Amino acid sequence: MDYLNNLPNEPGIWPESKSFNDEGFGPIPSQWKGVCESGQQFNNTMHCNRKVIGARWFVDGFLAEYGHPLNTSGNQEFLSPRDANGHGTHTSSTAGGSFVGNVSYKGLALGTVRGGAPHARLAIYKVCWNVLGGQCSSADILKAFDEAINDGVHVLSLSIGSSIPLFSDIDERDGIATGSFHAVAKGITVVCGASNDGPQAQTVQNTAPWILTVAASTMDRAFPTPITLGNNKTLLGQALFTGKETGFSGLVYPEVSGLDPNSAGQCEALSLDQTSVAGKVVLCFTSTVRRATIISASSDVQAAGGVGVIIAKNPSDNLAACSNDFPCIEVDYEIGTRILYYIRSTRLPVVNLSPSKTFVGEAVLAKVAYFSSRGPNSIAPAILKPDITAPGVNILAATGPLNRVMDGGYAMLSGTSMATPHVSGIVALLKALHPDWSPAAIKSALVTTAWRNGPSGLPIFAEGFPKKLADPFDFGGGIVNPNGATDPGLVYDMGATDHIHYLCAVGYNNSAISQLTGQSIVCPSERPSILDVNLPSITIPNLRNSTTLTRTVTNVGAPESIYRVVIEPPIGVVITVNPDVLVFNSMTKSITFKVTVSSTHHVNTGYYFGSLTWTDGVHEVRSPLSVRTEIIQSYVDDN
C-alpha cells in the first residue's frame with residue numbers, strides 16, 4: 001500500500017529501529033516528490049529506505065523565536081531529522097510501523113508490535129525541538145505543511161499541543177489550524193491530538209472543524225501488581241514493576257505528632273527523617289495524579305534506603321516504571337486506606353511486593369484517560385471536540401536509545417500523542433479502501449460508527465473526579481471502530497464552502513478569511529448559523545425555546561437504500577426530524593433534512609446528551625447530540 005502517513009510535528013525519527021524496516025516494500029512511488037535531508041547524525045542515503053521515504057527538518061522559525069543557539073551537545077538534540085527523545089519515533093511507529101515480533105517492555109505486554117497501517121510509507125517532518133519540554137514554531141509548522149502538501153502525502157498526523165487560551169482559527173500563530181486548512185483543501189486528512197489537560201472541561205485543543213481531533217482512552221489490558229500483607233491478604237495495585245519480589249519487608253506510613261499527623265505521609269512532600277525506612281516499604285497518599293509526584297516519592301524512599309513505595313491516589317491507568325526497577329505501585333484510596341489500617345493495627349506490619357503481570361480481556365473495560373483534554377470547544381462550542389477517542393495509555397511502540405524508559409528499543413508511553421497515530425493509521429487504511437472519500441467523509445465514517453459501549457455491552461466510563469459515564473465532550477462519537485468505518489452507510493460530507501460557512505458563522509472578518517483561504521471571500525450580510533455546519537454531530541450550546549438546523553447526508557452504501565431516523569433525545573429536549581425517512585436510489589445520492597430542537601426546561605441547565613441515528617437495518621449512522629438550555633444567556637450572541 002503506497003499511502004503515506006506523514007508526521008510533521010514530531011521531534012524526528014530514530015531510523016535504525018526495526019519498526020522501520022522496509023522488507024516486502026516495492027519501489028518508491030513515482031508520484032512521490034519528497035526528499036530525505038541529511039544533517040547531524042542523519043545520512044539521507046543510509047537512513048531512508050523504501051519504508052521511510054521522506055525526512056525533513058525545520059528550525060529557522062524556532063531559532064528566530066527562541067533567540068539562543070540550539071544546544072546539541074551530549075545528544076540533547078540533533079540538527080537533522082534524528083529524534084532526540086523518542087517521541088517522534090514512538091508515534092510514527094504507532095501509525096505505520098512494520099511488524100516486529102517478540103517485543104515487550106521488560107517482559108510485560110509481550111507480542112508482535114506493528115503500526116495501524118504497517119504497509120504505509122512514512123515521511124517525517126521534524127518541527128519540534130527538545131528545549132523547555134519541547135517547543136515548536138508556528139512558522140516551521142506552516143513551512144512543514146507546505147512541503148508535505150507539495151511532496152504528495154495522503155495523511156498528516158500531528159501530536160502537538162499548546163496551551164489555553166487558544167489562538168483563533170485564522171491566527172497564523174496557530175500554525176496547525178492554518179496549515180491544516182490548506183492540507184484538507186487538497187484532500188489530505190489532518191489528524192491531531194486533543195492535548196493532555198484533562199479532565200477539566202474546555203481544555204480540548206486543535207478545534208477547527210476541518211481537523212480530526214483525537215482523545216485518549218485505555219484498552220482491554222491491565223498490569224495488576226500483587227501486594228501481600230502480613231495478615232495473608234493480597235490486594236492488587238497497578239504498576240510496571242518487573243524487578244524481583246521484595247519478600248516480606250517492613251511496612252511504614254510516615255506520621256508526625258501535632259495538628260496534621262498525616263502531613264508527613266504526603267507523597268509529594270514525604271518526611272522520612274522521623275521514621276526509619278531502611279529496608280522497608282513506604283505507604284504514602286497524594287491528591288495529585290501527576291507522574292512527577294510518583295517519581296519524587298520513589299526517589300525519596302530510595303534515598304532513605306527503602307525497598308519500595310505504595311502510592312495511594314485517584315485511580316488512573318497511566319503508568320510508568322520507576323528508575324532502577326524500584327517497586328512503585330499505585331493503588332486507589334480505598335485500598336490505600338485498608339493498607340494504612342493494617343499498619344495501624346499491627347505491631348510489626350510487613351508486606352511483599354510481587355512483579356506486575358499482564359492481563360488482557362473483556363474484564364478490563366476501556367475508559368477515557370484521566371489526562372485526555374475535554375470539551376466543550378472553547379473557540380466555538382457548537383463544534384463538537386474531540387471527534388473520536390483511541391488507545392493512548394501504556395502504548396508499547398518503538399523509541400530511540402536516548403529515551404530513559406526504553407527497553408530494547410521500545411517503550412510504553414501515554415498521551416493523546418499516542419492516541420493520534422492510531423487514528424492516523426486507520427485513516428491511511430480507509431483512504432486506500434476509499435480513495436475518493438474527502439477528509440470530512442472519513443471523519444464522518446469514524447464518528448458515526450464509533451463504539452459507545454465496550455465488548456461486554458457496558459457503557460464506557462471517563463476517568464476523573466469522580467469517574468463518570470463518558471459523554472461526547474470526553475470521547476466525541478466514541479472509541480474508534482476501524483472495521484465499522486469501512487462501511488458507514490451514510491456520510492456527512494463537507495468541502496471548502498462548508499468551511500467558509502463556519503468561518504463566517506464564527507464572525508471572522510472578510511479580510512482575515514480571505515487571507516486564510518487565498519481567495520476573496522465576502523460573508524453574507526446576515527451571519528449564517530454555526531448549527532448548520534454539516535458535521536456528523538449536533539451540539540447546541542445555548543438553546544432557548546426552539547431552533548431548526550440542517551444536515552445533508554450522502555449515501556456511500558447500496559444505491560437503493562431506505563433509512564429511518566431513531567432519536568434518543570437528551571433529557572427535557574424534544575427533537576423532530578423532517579423528513580424522517582430518507583430514500584436513496586441511483587439518481588438520489590444526497591438528501592438534506594431538518595432537525596428541530598426544543599426544550600421543556602425553563603431554567604439554565606448543563607449539557608444533556610443523546611443521539612440521532614439513521615438506520616437501514618444494516619447500518620447505524622449515529623450522531624452524538626449535546627444540548628444546553630440557556631434561558632438567561634451568559635454572553636451576547638449576535639448569531
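User: How do strand 14 and strand 18 pair, parallel or antiparallel?
Analyst: In this predicted model, strand 14 (residues 249-252) and strand 18 pair in the antiparallel sense, over two bridges.

User: Which residue is the bridge partner of G250 in strand 18?
Analyst: The partner of G250 there is V350.

User: And how many bridges are there between strand 12 and strand 18?
Analyst: Strand 12 (residues 224-229) and strand 18 (residues 350-353) are paired over three bridges, in the antiparallel sense. Within this pairing, L229 stands opposite V351 of strand 18.

User: What holds strands together in a sheet, in general?
Analyst: Pairing takes place through backbone hydrogen bonds, and it may be parallel or antiparallel.

User: Moving on to Q266. Where is it?
Analyst: Q266 belongs to the loop between strand 14 and strand 15 (280-285). Its relative accessible area is 33%, so Q266 is classed as partly exposed.

User: What does Q266 contact, sequence neighbours aside?
Analyst: Leaving aside residues within four places in sequence, Q266 is in contact with C284 and F285.

User: What is the C-alpha separation of Q266 and I311?
Analyst: Their C-alpha atoms are 9.4 Å apart, and the two residues are separated by 45 residues along the chain.

User: Next, K313. Is that lysine buried or exposed?
Analyst: K313 is buried: its relative accessible area is 3%, and the cut-off for a buried residue is under 20%. K313 sits in the loop between strand 16 (308-312) and strand 17 (328-331).

User: Which side chain does K313 meet in a polar contact?
Analyst: The side chain of K313 is joined to that of E330 by a polar contact of 3.2 Å.

User: And what else does K313 touch?
Analyst: Not counting residues up to four places away in sequence, K313 touches T286, T288, V289, I294, E330, V331, D332 and Y333.

User: Which residues line the largest cavity?
Analyst: The lining consists of A239, L240, F241, A320, A321, C322, D325, F326 and C328. By class, eight of these residues are nonpolar, none is polar and one is charged.

User: What is the volume of the second largest pocket?
Analyst: The volume of the second largest pocket is about 1200 Å³. Its lining comprises 43 residues, of which R114, M219, P391, I395 and H422 are the closest to the centre.

User: Which helices and strands each supply at least two residues of that lining?
Analyst: The elements in question are helix 3 (87-96), strand 4 (108-113), strand 22 (395-398), helix 8 (416-433) and helix 11 (482-485).

User: How does the lining of this pocket divide by class?
Analyst: The lining of the second largest pocket has 24 nonpolar residues, 16 polar residues and three charged residues.

User: How many bridges pair strand 26 with strand 28?
Analyst: Strand 26 is paired with strand 28 (residues 546-555) over two bridges, in the antiparallel sense. V491 stands opposite T554 of strand 28.

Terms used: Residues are numbered from 1 along each chain as its sequence is written. This is a predicted model: local features need pLDDT of at least 70, side-chain atom pairs count only at pLDDT 80 or more; totals for chains, interfaces and linings use all residues. Side-chain values use heavy atoms; hydrogens and water are left out. On a 1 Å grid over the protein atoms alone, a cavity is a set of points where a 1.4 Å probe fits but cannot get out, and a pocket is an open set with protein on both sides within 12 Å along at least five of seven lines; lining residues have an atom within 4 Å of a point. Grid points are joined across faces, edges and corners, and a volume is the space filled by probe spheres set on the points. Helices (H or I, at least four residues) and strands (E, at least two) are DSSP runs, numbered from the N terminus. Ala, Val, Leu, Ile, Met, Phe, Trp, Tyr, Cys and Pro count as nonpolar, Asp, Glu, Lys and Arg as charged, and the others, Gly among them, as polar. Two strands pair if DSSP finds at least two bridges between them. Buried means under 20% relative accessible area, exposed over 50%, partly exposed in between (1.4 Å probe, protein chains only). A polar contact is a pair of N or O atoms within 3.5 Å; within protein, one must be able to donate a hydrogen and the other to accept it, and residues adjacent in sequence count only if both atoms are side-chain atoms. Contact means heavy atoms within 4.5 Å.
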